[in-house]
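Welcome! Let's look at this structure together, one question at a time.

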Amino acid sequence: MIEKLLIICVFVGIIHMIETLAYSVRLAGLKTRKLVVALSLFNIIVIVSRTANMVQAPLTGKLGDAVHSKEDLPVLLHQLQTILLAASIGTIAGALLIPSFVSIFSRMISHLEVAGSVPKMMKNIASIHTLEKAKKHVKRPRWIMLSQLRIGGVPKRLLLLNLMATTIYTVGVLSTLYASTLEPTLSKSILMSSGLINGLAVITLAVFVDPQVAILTEKVMKGESTKQSMNKMVGTLVISRLCGTVCAQILLVPAALYIAWICKLIP
């Protein structure tokens, strides 16, 4: 069971690390002045996240299947809290990798333009010489970056919405899994509600968060705003995302109880 939990945590960490790095894709696009290419290329990396999610989802479901009585609930709760901890660690890892990611990803954009296709690009950069050169683009995060991340200039409403969406997305599936073990007779309806819960997070990000980031990106592209403002927005969004994974820890049990209560009310 410990090995299974460890595998789940690794996959969850990778998922949240990639989703954190997604904030910095626009930074690489601005650096190379090829924003559309950057967004398209990042979709290849997102495939890794989707694959990790497909693998960990049934494994996480098996944790719920191992609950046969109320005495097993504390064990399941501890396992789910460990998974949420992995989400926070993955977010921190993604934040620390942003400087290196922007530099390396910018080079990948250039390689893609020369190669003309992703398969050719992967073939070209897979050489030992190219991988050795990639070491030059690895950058350590500096404390001065944190000192520049004052909320001033970044809409507080945007950060709050990003925090809420991250919290819902992070805790949604796990809270429904825990709720299904609290109310075994309603397990099917509870588990089916996870799509609705995550849908709220997706809608919040798509309608309120992403358009604001896109608008600022366009302003920087046109010279109407500075790159420092974009760096600040990305940094504060990453911090609000990390806070969202922490809030998910706090809301795991209350959310499960609320979901179970709602499903009881359904005729």
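Q: Which residues does Phe 42 touch, not counting residues up to four places away in sequence?

A: They are Ile 18, Leu 21, Ala 22, Val 25, Phe 101 and Phe 105, where contact means heavy atoms within 4.5 Å. This is a predicted model, where local features need pLDDT of at least 70, side-chain atom pairs count only at pLDDT 80 or more, and totals for chains, interfaces and linings use all residues. Residues are numbered from 1 along each chain as its sequence is written, and side-chain values use heavy atoms, with hydrogens and water left out.

Q: What makes a set of residues a nonpolar core?

A: Its members are buried Ala, Val, Leu, Ile, Met, Phe, Trp, Tyr and Cys residues joined through side-chain atoms within 4.5 Å; buried means under 20% relative accessible area (1.4 Å probe, protein chains only). The largest such core here has 33 residues, and Phe 42 is among those that touch the most other members, as are Leu 41 and Met 230.

Q: Which element gives the most to this core?

A: That is α4, with eight residues; helices are DSSP runs (H or I, at least four residues) numbered from the N terminus. Apart from this core lies another, of 28 residues, including Ile 8 and Leu 177.

Q: How many residues line the largest pocket?

A: There are 47, and Ile 15, Glu 19, Arg 50, Tyr 169 and Arg 241 are the closest to its centre. Lining residues have an atom within 4 Å of a point on a 1 Å grid where a 1.4 Å probe fits, and a pocket is an open set of such points with protein on both sides within 12 Å along at least five of seven lines. Helix α3 gives the most to this lining, with 13 residues.

How values were computed: Helices (H or I, at least four residues) and strands (E, at least two) are DSSP runs, numbered from the N terminus. Buried means under 20% relative accessible area, exposed over 50%, partly exposed in between (1.4 Å probe, protein chains only).
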